[in-house]
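Please look over the structure shown below before reading the briefing that follows. The points after it are grouped by topic.

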Amino acid sequence: PVCSMGNSTSRLYSALAKTLSSSAVSQHQDCLEQPDSARLDPIDPKDLLEECQVVLQKRPPRFQRNFVDLKKNTASNHRPIRVMQWNILAQALGEGKDNFVQCPLEALKWEERKCLILEEILAYKPDILCLQEVDHYFDTFEPLLSRLGYQCTFFPKPWSPCLDVEQNNGPDGCALFFLKDRFELVNSANIRLTAMKLKTNQVAIAQTLKCQETGRLFCIAVTHLKARTGWERFRSAQGCDLLQNLKSITQGAKIPLIICGDFNAEPTEEVYREFSNSSLNLNSAYKLLSPDGQSEPPYTTWKIRPSGECRHTLDYIWYSQHALNVNSALGLLTEEQIGPNRLPSFNYPSDHLSLVCDFSFNQDPDRLL
């Protein structure tokens, strides 16, 4: 049954339901950051979650996922920093190009799918949110998340494949959100990745933040590397370019670093080895869920296309292992939860799983470098 919403949530519903026309979005394509959403009233996350659940009442409930405690008896004198990484699936690609043959079109309707995405974000309450394949930034994520207290940045792909889809909502790109009451922005860089000295269609955002509670600086980066088999060397070159940029931004690892991304690369690929062996002393957080701490999860994306079933590990949260501890990580969905038709589905809005980790600062990071 639909419960009575009351005035405040009715106003909120109109904010949730409202979408800009594509012409309005196109005017914003070159605008990488929306500075002034402070004029909009803040919204209570519980109210927004309630609105989403009303929209989703005919869908099955969210899957239960649990955090795995990874603390190694290391005391922390501050609240952990929760980081969420997620390729949310661009709406234009989901409906247009991606050909999820077992997913009913009904499950991909934006008015409901956006509520599933928001419900997932609201459930885990990240302090920092890193998203890929965002093609509804200006009409959905920036207006709503800014009112939840996040500072929002968007960097679209120069030649987004979304633009080839009829009735698209503008280009997709990477988006980075952080809670303004926890962090202060010190520096921000939008990076267009190069490969073999050529500018490519892939991008990254890197922001240096100051943690208000500890006064410590750290850098958070989000990226989405080139997709498809046959492009391994290209991804490797993009990864090298990103690492070079991040070495400069972090002053050669003096500033701790967290990198979130859909790398479109299995752990067997060269670009994965580059990050593992980088002088920035990076480790992949989700390896810590394995019994030996050395193996990535068996999958972070699982879908069925006309060519067959695709089950891959492509998404990662890298971090400076000398300066940061991983306190916990969100467990992945099981095969049984995902179901025989795989992702996306009526239960889950993307073909990629969200990754969520809680980090704390090491007390004496230089000793471990």
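Predicted model: local features only at pLDDT ≥ 70, side-chain atom pairs only at ≥ 80, totals over all residues.

- The structure holds 18 salt bridges, among them one between Glu-269 and Arg-235, in which the closest N and O atoms are 2.8 Å apart.
- Glu-269 lies in the loop between strand E9 (257-262) and helix H8 (270-276), whereas Arg-235 belongs to helix H7 (residues 232-249), so this pair ties together parts that are 34 residues apart in sequence.
- Since buried means under 20% relative accessible area, Glu-269 counts as buried at 11% relative accessibility, and Arg-235 counts as buried at 1%.
- Glu-112 forms a salt bridge with Arg-59, and the closest N and O atoms of that pair are 2.8 Å apart.
- That pair links distant parts of the chain, with Glu-112 in helix H5 and Arg-59 in the loop between helix H3 (45-55) and E1, 53 residues apart.
- Glu-112 and Arg-59 are both buried, and they take part, together with Glu-106 and Lys-109, in a network of salt bridges.

*The seven-stranded sheet*

- Seven strands form an open sheet with mixed pairing, in the order E1-E14-E15-E2-E3-E5-E4.
- At the edges of this sheet stand strand E1 (67-69) and strand E4 (150-156), each of which pairs on one side only.
- From one strand to the next, the twist averages 20°.
- Strand E2 runs antiparallel to strand E15 (residues 355-361), to which five bridges join it, and within this pairing Val-83 stands opposite Cys-357 in E15.
- Five bridges also join E2 to strand E3 (residues 128-134), here in a parallel arrangement, with Gln-85 standing opposite Cys-130 in E3.
- E3 pairs in turn with strand E5 (residues 173-179) in the antiparallel sense, over five bridges, and the bridge partner of Val-134 in E5 is Gly-173.

*Strand E2 and its two faces*

- Strand E2 (residues 81-87) is mostly covered, with seven of its seven residues buried.
- In a regular strand the side chains alternate between the two faces of the sheet.
- In E2, Ile-81, Val-83, Gln-85 and Asn-87 point one way, while Arg-82, Met-84 and Trp-86 point the other way, and all of them are buried.

*Helices against the sheet*

- Helix H5 (residues 110-124) lies across E1, E2, E3, strand E14 (324-330) and E15, and it runs at about 160° to E2.
- Helix H6 (residues 137-147) also packs on the sheet, where it touches E3, E4 and E5, and its direction makes about 160° with that of E4.

*The chain as a whole*

- The chain has nine helices and 15 strands, and buried residues make up 56% of its 369 residues.
- Of the contacts between residues at least 6 apart in sequence, 79% join residues at least 24 apart.
- The chain exposes about 16100 Å², of which carbon and sulfur atoms supply 48%.

Technical notes. Residues numbered from 1 in each chain as written. Heavy atoms only, no water. Helix = DSSP H or I, 4+ residues; strand = E, 2+ residues; numbered from the N terminus. Buried < 20%, exposed > 50% of the residue type's maximum accessible area, 1.4 Å probe, protein only. Contact = heavy atoms within 4.5 Å. Areas by Shrake-Rupley, 256 points an atom, 1.4 Å probe, with all protein chains shown as cover. Pairing = 2+ DSSP bridges. Axes fitted to C-alpha atoms, helices over the stretch in contact; angles between N-to-C directions. Salt bridge = Lys/Arg side-chain N within 4 Å of Asp/Glu carboxyl O.
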